Amino acid sequence: MEQAKKGVTPLIASVAKKEKVSEEFVRNGIAAGRIVVPCNPIHDPVPCAIGDGMSVKVNVNIGTSRDMTSIDDELEKLSVALKYGADAVMDLSTGGDIDMIRRRIVSECNVIVGTVPVYQTGLVAARKNAVVDMTEDDIFSGIEVHAKDGVDFMTVHCGITKESVGWLKDSGRKMDIVSRGGSFLTAWILHNDTENPLYKNFDYLLELAKKYEITLSLGDGFRPGCIDDATDAAQLSELMILGKLVKRCREAGVQSMVEGPGHVSLDMVPANMHIQKKLCYGAPFYVLGPLVTDIAPGYDHIVGAIGGAVAAQNGADFLCYLTPAEHLSLPDVEDVREGLIASKIAAHVGDLCRRKDNNKDNQMACARRALDWDKMFEIALDPDKARKYRARGNTEKDEGCSMCGDVCAIKIVDKYLSK
């Protein structure tokens, strides 16, 4: 942010060229905090601009669990995520050698990497005795360890306070809290009858973020976990606190974005996007889904893509993918691919609605008009799957697909239009 206030840098020039906007637009956005470019110098990833006027980005969550601890599995997921165009990867590991896994992922990932440090801190405490026994020093030491390992952005649940926990207790929610980090800190506040260390010591958190050039992703610990809980007092009270913290980040020269829901009915998605942008002063918005129905286990990547497309249309800047395994199990490699492609479709739909870029759609239309299958595969988000379906049942290489065969609409009309 400080560099952007002084003038155009090589990074700004690179972002402007990639996003097809002016260098001054990017410079002003970064300086004001409406655009973030997470980039820990220790990691030095490919620049990824998130926010106002930028293309909608997609994050892929990977990471071990208590029951599935293989680093090889997670590196395979990382490889698939990179192959199919993930803009960011978050390591949410909770099993095995968590430090080693994070360091391997950072070292082998050329896109921005995020983590949630309190996961590891809370788990260490829980496996010794209880989550509520972690100390303030434990929490900040965990953040610094992740920063030193090259993590580019971190989710920090700073908006959960003693006051906002009161809003939660009175909310009558069906699902209470579904955020793991949110549950850790809420339990800690209630057990210790003490203010959230991340909120109470926010100035120290800013010092760490500035020292290591970490982008803070202000977490939504009270995000709704079901449709009925969406846009309630608990969610909005946290969001108002996060808005104030965005201003403090900007005053300190620290990049920040804000995380959002969660489970939200489709008609409420636009309002949630507009409320966040208003209360958080145009900060980049990072959303999980949103999931627009609760009854589709096994298909939540589709549910999230529906919500994600509407969210992106209405101002969301960064979509966190969901996989078919959401709510059911740790995703495997195929789940990662399916979830990523679904979210990339949603992001692209949002970009089209925002008139960001329709070049690929136009190219696809021309390729279809010419029955140029190789070009179609080149443009497709998932070329491998497209080729697989094309080959199924097709007997004439240069004809239409196996559905229409010799009565291909394009071929018939072209025959007579060309006369």
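Contact here means heavy atoms within 4.5 Å. Helices (H or I, at least four residues) and strands (E, at least two) are DSSP runs, numbered from the N terminus. The model is predicted: local features need pLDDT of at least 70 and side-chain atom pairs count only at pLDDT 80 or more, while totals for chains, interfaces and linings use all residues. Residues are numbered from 1 along each chain as its sequence is written, and side-chain values use heavy atoms, with hydrogens and water left out.

**View 1. Helices α12 and α13 in contact.** From α12 (residues 233-252), the residues Gln235, Leu236, Leu239, Met240 and Gly243 meet Asn272, Ile275, Gln276 and Leu279 of α13. By type, the residues of this contact are 5 nonpolar, 4 polar and no charged; Ala, Val, Leu, Ile, Met, Phe, Trp, Tyr, Cys and Pro count as nonpolar, Asp, Glu, Lys and Arg as charged, and the others, Gly among them, as polar. Two packed helices are described by the angle between their axes and the distance between the axes. Here the axes come within 9 Å and cross at roughly 35 degrees. Axes are lines fitted to C-alpha atoms, for helices over the stretch in contact, and angles run from 0 to 180 degrees between N-to-C directions.

**View 2. The barrel of 8 strands.** The strands close in the order β3-β4-β5-β6-β7-β8-β9-β10, with parallel pairing. On average, neighbouring strands of this sheet are turned by 25 degrees against each other, direction ignored. Two strands pair if DSSP finds at least two bridges between them.

**View 3. Strand β9 between β8 and β10.** Strand β8 (residues 256-260) runs parallel to β9 (residues 285-288), and 3 bridges join them. Glycine 260 has valine 287 in β9 as its bridge partner. Helix α13 (residues 269-279) packs on the sheet and touches both β8 and β9, its direction making about 145 degrees with that of β9. On the other pairing, 3 bridges link β9 to the parallel strand β10 (residues 318-320). There, valine 287 has leucine 319 as its bridge partner. From β9 the chain crosses through helix α14 (residues 300-313) to β10 in a right-handed β-α-β crossover. A crossover is right-handed if, with the strands pointing away from the viewer, the path from the first strand over the helix to the second runs clockwise.

**View 4. Side chains of β9.** In a regular strand the side chains alternate between the two faces of the sheet. Phe285 and Val287 point one way from β9, Tyr286 and Leu288 point the other way, and all are buried. Buried means under 20% relative accessible area, exposed over 50%, and partly exposed in between (1.4 Å probe, protein chains only).

**View 5. The nonpolar cores.** A nonpolar core is a set of buried Ala, Val, Leu, Ile, Met, Phe, Trp, Tyr and Cys residues joined through side-chain atoms within 4.5 Å. The largest has 100 residues, and Leu216 and Leu218 have the most contacts inside it. Helix α12 gives the largest share of this core, 7 residues. Not counting residues up to four places away in sequence, leucine 218 touches Val156, Cys158, Phe202, Leu242, Leu245, Val246, Met257, Val258 and Glu259. A second, separate core has 11 residues, including Ala4, Val26, Val37 and Met54.

View 6. The peptide bond from glycine 289 to proline 290 is cis, with omega near -5 degrees. With a relative accessible area of 42%, tyrosine 281 is partly exposed.

**View 7. Cysteine 353 and arginine 355.** Cysteine 353 is part of helix α15 (residues 333-353) and is partly exposed, at 35% relative accessible area. Its C-alpha atom is separated by 8.8 Å from that of asparagine 314, 39 residues apart along the chain. Arginine 355 lies in the loop between α15 and α16 (359-369); with 71% relative accessible area, arginine 355 is exposed. Arginine 355 and tyrosine 281 are 74 residues apart in sequence, and their C-alpha atoms are 23 Å apart.
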